[in-house]
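Here are my notes on the model, point by point. Please read them with the coordinates open.

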Amino acid sequence: MTAITKSLAALVSCALAAGGLTAAGVAVLQPGTAQASSHREAPLISGQPQYDATDVYAFVSPDKPDTTTMVVNVLPFQDPAGGPNFYKFAHDARYDLHVDNDGDGQGDLLFRWTFKDHLKNGDTFLYNTGPVNSIEDATLNFTQTYDLEVIKLKHQKAVARAKLGSDLPVAPSNVGKASMPDYQKLRDQSVQKIGYSGGSTAFAGQADDPFFLDLRVFDLLYGGDMSEVGNDTLKGYNVQSMALQVPTSALTESKDQPVIGVWATTHRQTADGDWTQVSRLGSPLVNEVVIPRKDKDKFNASAPWDDGQFLKFVQDPELPKLVEQIYKIKAPDTPRDDLVQAFLTGVPKLNQPPNVHPAEELRLNTSIEPNGSPKRLGVLDGDNAGFPNGRRLSDDVLDIALQAMEGELLGKKNDLGDAVDENDQKFGGSFPYLALPSSGSDAKAVSKSAGQSLLNGGSGVGSSSDDNMLLAGSAAAGGGAVLLLGLGFLWMRSRRRGPRVRRH
């Protein structure tokens, strides 16, 4: 990358980070006051990470092309070693996934996840009391289950509903190698068949965060000399994922109208029992670079069919003007009808439904077959099965957005990017496709010297066995580090008191 390209990528990435990676959505009824949503960048939702939707994905399943897979992620920036409580879905939330199959900006189907907490033994702080070889093991002290239902809507009113699954198991947090020696087995047990439209599959649980990008712009624009560009900011972090694979025929209006629009919302229950929308997400990278700060919460609180009120920000965006002002790269002429298509209506002959009502949704043409060799830049690189036609896990949406904002769809060719072109972990070849979550054993903070210091009262000299390192680093049995701290205090107290008489 040239210096200008790197600088421009840094500038735009900073704008993306400052705004929060979010998009539009709406509840079954008109939403209450909404709050900003993203990978923690937006201020209002940052204190409520369990309710914070980070990304939405929708794509034709590569190994089952007669089905569509949809993924919603919440609770960003999970440190794998963050015990002893680790991570869970909120039990006082409704996590909703909306599907608009006729292009009018209103949801026609709504899939809803609600979660329950289960604790086997409240007299211990441990997440698990021994190795967990099955999600049904008694040693898994804390578990979650969920109910999944589908609601058919007309003008945002429920006209029918069906329970798709009850008390389905949630994949636990990946505590570490000692606690969960075969996490793939736990993941597999959490993938559940559900009886929707002749056969669907559901998953909920922890996963590696599939979003990849460089957001290290706050250290004086990548270290002040661009030396830090190309670092995947989300490498090693996990999220909570909800995934659903459904026969495409159950989602679309008809074979003649195969385009669907998808977005997610999270509602939190208030003290008086009402439900308030606190997070919403459709396409990535909209609220950050298009909607000005004063209107971000208004945008998040509004319904998709009212998104025309933000049309002026799409047609005359601020970001290209800033780029021109700072880097003397001429901004594309306005009005930006190319961005209207990308953000509000879908692209003609690609993913724009007939008689479309402008609304910010992640639009997917389900009739376009999966690409056996996906290209990370999707439609910009001739791969019509990728973003902005839906969104696959491997789509490099940051680079695509950077290039589109600077006129790629208008023929102004550019190669802008953040030098992070793929996820740090490989995605799976079958549902739910998400990479396994990093475990506490993999945490970078684990080191030999740290284990020695902890085991030897802070002296830094003593045992250096791999077993001690594993115990300190993986939070074995759900709380190894805490146990070691306790042992250290007992050791110091015994030294101060002198030998004790053993009783027989």
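1. Terms and basis. Two strands count as paired if DSSP finds at least two bridges between them. Helices (H or I, at least four residues) and strands (E, at least two) are DSSP runs, numbered from the N terminus. This is a predicted model, in which local features need pLDDT of at least 70, side-chain atom pairs count only at pLDDT 80 or more, and totals for chains, interfaces and linings use all residues. Residues are numbered from 1 along each chain as its sequence is written, and side-chain values use heavy atoms, with hydrogens and water left out.

2. Confidence. The average pLDDT (the predictor's confidence in each residue, from 0 to 100) is 80 for the protein, and 75% of the residues score at least 70. Residues 1-38 fall below 50, yet this stretch has 158 contacts in the model beyond near neighbours in sequence. Contact means heavy atoms within 4.5 Å. Residues 456-504 are also below 50, with 63 such contacts. Where pLDDT is low, the predicted coordinates should not be read in detail.

3. Strand 1 and strand 2 (residues 67-78) run antiparallel and are joined by seven bridges. Tyr57 has Val71 of strand 2 as its bridge partner.

4. Nonpolar cores. A nonpolar core is a set of buried Ala, Val, Leu, Ile, Met, Phe, Trp, Tyr and Cys residues joined through side-chain atoms within 4.5 Å. Buried means under 20% relative accessible area, exposed over 50%, partly exposed in between (1.4 Å probe, protein chains only). The largest core has 76 residues, and Met70, Phe111 and Trp113 have the most contacts inside it. Apart from this core lies another, of 14 residues, among them Val290, Phe299, Val314 and Val323.

5. Asp147. Leaving aside neighbours within four places in sequence, its contacts include Arg112, Trp113, Lys163 and Asp167.

6. Backbone checks. Most residues other than glycine have a negative phi, and most peptide bonds are trans. Please inspect the following exceptions. The Thr334 to Pro335 bond is cis, with omega near 5°; Pro335 sits in the loop between helix 6 (319-327) and helix 7 (337-345). Phe387 and Pro388 are also joined by a cis bond, with omega about 10°. His155 has a positive phi of about 55° and lies in the loop between strand 5 and strand 6 (157-169). Its relative accessibility is 59%, so His155 counts as exposed. Asn355 has a positive phi near 55°, in the loop between helix 7 and strand 12. At 77% relative accessibility, Asn355 counts as exposed.
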